[in-house]
Protein chains: 2
Amino acid sequence: MTTQLLTEQIQKKLSFLCVGLDSDLTKLPSQLRNRSDAQFAFNKAIIDATHDLAVSYKINTAFYESEGSMGYQALEQTIQYLHENYPNHFTIADAKRGDIGNTSTQYARAFFEKLPFDSVTVAPYMGRDSVEPFLQFPGKYAVLLALTSNQGAYDFQTLNYADKSLYEAVVATSRTWNGAERLMYVLGATKTDHLATIRALAPNAFFLVPGVGAQGGDLEAVFHAVANDDIGLLVNASRSIIFASSGDDYAKAARASALALQQQMKTLL
Amino acid sequence: MTTQLLTEQIQKKLSFLCVGLDSDLTKLPSQLRNRSDAQFAFNKAIIDATHDLAVSYKINTAFYESEGSMGYQALEQTIQYLHENYPNHFTIADAKRGDIGNTSTQYARAFFEKLPFDSVTVAPYMGRDSVEPFLQFPGKYAVLLALTSNQGAYDFQTLNYADKSLYEAVVATSRTWNGAERLMYVLGATKTDHLATIRALAPNAFFLVPGVGAQGGDLEAVFHAVANDDIGLLVNASRSIIFASSGDDYAKAARASALALQQQMKTLL
């Protein structure tokens, strides 16, 4: 789906919530953990319980790869389930890929052709020819890391060269790349001081903002720093929603946690 | 295996060759392509034909992910085959991962626990806490991107801040991280002007140098710029070896191509 449709969904649902399916097998409720399809069964229940409150789902590939090809199958089943049942939700493969051109093309094929994701997160370190292959797939989006939510963001992303930080260079330079109209950016909710700077560099782009919830970011501060006329903002919460309860009521608890965020979003909108 | 053992193998075989298994299904010999285990069958034949000439194998995860869970199974079978039959070869998951700490730990588990890789390539953009989780696995290595072989390397990696390039900052800063004695670095063979600078920053580290072969890097220039007393160097060739022939003689042609590189390496050593 397109970001135009995403904006419509945000306005309709009064929500810019993305639910992150960081479905660590070892943290799943005990009644699910021993099922051969545990990760998919868990995701399905979470999705069914939150779909009317969320406009997007983000699948963190690490939590599936760590279970090998069985985990990869759960990832396939999850994105297929979303694609077939909730086609109006914007789907993100949170994979942070990026490599030389012919390899990036393979990653793009993995997420856009073999799997029906709308977008994939991409690391900028290798530059233009590592990112553009993701933008060559019509109607698909690349979500470029700009300023991430972790402490390590201060190691390189905020280094100043000439008069700009590296993260500013990444955003500004990437605006000139082929297909840049389908570039989105990852900005950590824990870095609110920097968010307005990035919005100024990419006034119309959609931002994916993780770090609200378990990582401690402030939803209201994020909204005021970056929302534009089209909202242009997805706020992701993962652990605080999907692991709201470790008991039998996990789906209900996930819904309650998602609802609390959606209610805050509604007020802001 | 350790880099100490890798150095011994280099000295014994007079080779610092790493064969890259970028086994794009669409480029496999036609007699293999329709087999359900095509990628693994191809890799097995390439490995069996080159193992005495190479000291390392690098599996590029993109070319397996692009075939979905079936591809992921071929990746599993390949690393398992290497682990069981060629335990003296240093194995690299060329995955270029990196994320916030708890996610990087999951990637590390995927490659070091679920699969028996010796090392994984890691992107530096997200900083210390995105890389250290890979170094917390005893006896395992992280191969950090420093200066890559592609044109896009000049977008950000060579930007100067204060008196250093970003890639220099990445190498210098990463030397202070926990487990840095098990950090290796990716340097592109196409960037020979910069290689000595990086060697000076990490005198004892192993370097993984792709870009010889299809990408046009110069083996001799690379060797003279970065070899240290322990050699400290793996040169990777992928397409120029594995796709040396697209006919029935693909394994024989791969061996001939690997042999030509090994003979050059022998002269240099």
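1. Axes are lines fitted to C-alpha atoms, for helices over the stretch in contact, and angles run from 0 to 180 degrees between N-to-C directions. Helices (H or I, at least four residues) and strands (E, at least two) are DSSP runs numbered from the N terminus. The model is predicted: local features need pLDDT of at least 70 and side-chain atom pairs count only at pLDDT 80 or more, while totals for chains, interfaces and linings use all residues. Residues are numbered from 1 along each chain as its sequence is written, and chains are lettered from A and ligands numbered from 1 in the order in which they are written.

2. In chain A, the axes of helix α3 (residues 38-50) and helix α13 (residues 250-268) come within 9 Å and cross at roughly 45°. α3(A) and α13(A) are therefore oblique to each other (under 35 degrees counts as roughly parallel, over 145 as roughly antiparallel, 65 to 115 as roughly perpendicular and the rest as oblique). Contact here requires C-beta atoms, placed from the backbone, to lie within 7 Å. On α3(A) the contact residues are A:Ala45, A:Ile46, A:Ala49 and A:Thr50, and on α13(A) they are A:Ala251, A:Lys252, A:Ala254, A:Arg255 and A:Ala258.

3. In chain B, 8 strands close into a barrel with parallel pairing, in the order β1-β2-β3-β4-β5-β8-β9-β10; strands pair if DSSP finds at least two bridges between them. Neighbouring strands of this sheet are turned by 30° against each other on average, direction ignored. Strands β4 (residues 119-122) and β5 (residues 141-147) of chain B run parallel and are joined by 4 bridges. B:Ser119 stands opposite B:Tyr141 of β5(B).

4. α5(B) touches β1 (17-21), β2 (56-60) and β3 of chain B, and its direction makes about 170° with that of β2(B). Helix α11 (residues 219-226) of chain B touches β9 (207-209) and β10 (233-237), at about 160° to the direction of β10(B).

5. How many residues does each chain bring to the contact between them? Chain B gives 49 residues and chain A gives 49 residues. On the side of chain B that touches chain A, α6(B) gives the most, with 7 residues. The copies meet through the same surface, because 100% of the interface residues of chain B are also interface residues in chain A.

6. Chain B can be laid on chain A with an RMSD of 0.0 Å by a turn of 180° and a shift of 0.0 Å along the axis (superposed by least squares on the C-alpha atoms of residues with pLDDT of at least 70 in both). The two copies are thus related as by a two-fold rotation axis. Of the residues of chain B, B:Tyr161 comes closest to the rotation axis, at 1.8 Å (C-alpha).

Methods: Contact = placed C-beta atoms within 7 Å.
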